[in-house]
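Here is a short briefing on one protein chain. Please look over the sequence and the structure before reading the points below.

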Amino acid sequence: MKKMMMAAMAVALIAGATSCKKDKDNDRPNGGEAEYVTGIFNPSKHIKSVMGPEVAQNWNWDGSSLSSIVDNVNQSNYSFTYKGSGRQGVVDYRDTEKSRRYTYSYDDGTLDNIEFREDNQLMYNGQAYYADGKLSHMNYTNLSTKFMLQTANQQLGLNLPTESTISMPNPSFTVDYTWGGDNITSEKINVTLNGTVGVQELFDLFGSQLGGGLGSYAAILPLIIQSMGDMTANFTITINRNEAYTYDSKKNPFYGFWGDGLLFNTQVLSKNNMLTSKTTGNVRFQSQIRITLPEQCPEWLSQYASMWAIVRAFLNNRELPVDQTLPLDNNQSFTFKYNGDNYPTQATDSDGQTFSYGY
């Protein structure tokens, strides 16, 4: 049950918003503490290494531009290509199993679009919109089913197969940002999403609930579901989700680093280091299976032939509802140690994992 809800939730982070005219930014000024310019990742202190649980990265710079990141633990590497303006253009990632590519385009100096591909398959397009000089929301479209399921696995700790009967017509979602100064203080998401799922897959996930009101007839329900073959059921998902963040007053070394896109990566949009992240809300999954039985007892239910009229009267056209609500509440916190330049040298999360940064 939870897997189905979370798989759909990961793609259903949709909230409506109106496009805003994009604001131009100025040329990057000179100096050690230059004003941030959209798309340019050049903090006054360059990260040289990131070490921690299951990560050992070396960051390589060519002057003011990050050229590559090599992770000796994961046998992975990033490479970066820049536009003439010095803005991030293409980020390529490779490990032993897959390749990923983020392509960034700009309009009048602000971010216009992100294209994300994995193994050369389009995963999504993300359109950026601005208000008062700040990124106000991202609208993600052209979402692939593979991306939706992978996102559920990565963000929610699931292990769903990338092949599924889940279908959503033209899925999209929008992430809206609220700013406090130079930091994103909240993201608000309200979603209603409709789709279809194979009846067998729905039963595999919610079988105990579906058979709960059938009494002794619940024993034949798996056979009935199996006989329904490739039939699908409609579902509706509604999500109300709020993220609230607090920050320190120190310098964020990842401010403007777009190596992994912006989705689920709010920290790279904020000037300071995130201290707390509080999630509130819930996701609700609703569906139903309508049982249809033939007038004559089928061979695969021959043991019920003598009482078929009773079985059919009880089960035919019966609707088996699914209605599950899952809370999304979660709290995360982070503590830091800093150097004399007010950059963190060490970060520890709520799970006690500690990461060290070298400059």
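Arg87 lies over the face of Tyr106, 5.7 Å from the ring centre. A charge counts as sitting over a ring if NZ of Lys or CZ of Arg is within 6 Å of the ring centre and within 35 degrees of the ring normal. Lys134 is placed likewise over the face of Trp179, at 4.9 Å from the ring centre. The model is predicted: local features need pLDDT of at least 70, side-chain atom pairs count only at pLDDT 80 or more, and totals for chains, interfaces and linings use all residues. Residues are numbered from 1 along each chain as its sequence is written, and side-chain values use heavy atoms, with hydrogens and water left out.

**Overall make-up**

- The protein chain has five helices and 17 strands. Helices (H or I, at least four residues) and strands (E, at least two) are DSSP runs, numbered from the N terminus.
- Buried residues make up 46% of the 359 residues in the chain. Buried means under 20% relative accessible area, exposed over 50%, and partly exposed in between (1.4 Å probe, protein chains only).
- Among contacts in the chain with a separation of 6 or more, 60% come from residues 24 or more positions apart. Contact means heavy atoms within 4.5 Å.

- S4 (residues 76-82) and S5 pair in the antiparallel sense over six bridges. Two strands pair if DSSP finds at least two bridges between them.
- S4 and S5 form a hairpin with five residues between them. Gly86, in the turn, has a positive phi of about 90 degrees.
- S5 also pairs with S6 (residues 99-107), in the antiparallel sense, over five bridges. Four residues separate S5 and S6 in this hairpin.
- Six of the seven residues of S5 (residues 88-94) are buried, so the rest of the structure largely encloses this strand.
- Tyr78 stands opposite Tyr93 in S5. The bridge partner of Tyr93 in S6 is Arg100.

**Arg100**

- Arg100 belongs to strand S6. Its relative accessibility is 15%, so Arg100 counts as buried.
- The side chains of Arg100 and Asp260 are joined by a polar contact of 3.5 Å. Such a contact is a pair of N or O atoms within 3.5 Å; within protein, one must be able to donate a hydrogen and the other to accept it, and residues adjacent in sequence count only if both atoms are side-chain atoms.
- Leaving aside neighbours within four places in sequence, Arg100 contacts several residues, including Tyr78, Tyr93, Phe116, Glu118 and Asp260.

**Aromatic rings**

- The count comes to 23 aromatic pairs. Rings of Phe, Tyr and Trp (its six-membered ring) pair if their centres lie within 6.5 Å; planes under 30 degrees apart count as stacked, over 60 as edge-to-face and the rest as tilted.
- Tyr78 and Tyr93 form an edge-to-face pair, 4.9 Å centre to centre, with 65 degrees between the planes. Tyr78 lies in S4 and Tyr93 in S5, so the pair ties together parts that are 15 residues apart in sequence.
- Both Tyr78 and Tyr93 are buried.
- Ring pairs link a cluster whose members include Phe41, Trp59, Trp61, Tyr78, Tyr93 and Tyr357.

**Nonpolar cores**

- The largest nonpolar core has 43 residues, of which Trp59, Leu111, Tyr124, Met138 and Leu262 touch the most other members. A nonpolar core is a set of buried Ala, Val, Leu, Ile, Met, Phe, Trp, Tyr and Cys residues joined through side-chain atoms within 4.5 Å.
- Strand S8 (residues 121-131) gives the largest share of this core, four residues.
- Another core, of 37 residues, lies apart from it; among its members are Val199, Leu202, Ile224 and Ala233.

**Around Trp59**

- Beyond neighbours within four places in sequence, Trp59 is in contact with residues including Phe41, Ile47, Leu66, Ser68, Phe254 and Phe257.
- Ser68 is found in strand S3 (residues 65-71). Ser68 is buried, at a relative accessible area of 18%.
- Not counting residues up to four places away in sequence, Ser68 touches Asn58, Trp59, Asn60, Tyr78, Ser79 and Phe80.
- Ile47 lies in the loop between helix H1 (2-11) and strand S1 (49-52). Ile47 is buried, with a relative accessible area of 0%.
- Ile47 and Tyr343 are 296 residues apart in sequence and 9.9 Å apart in space, C-alpha to C-alpha.
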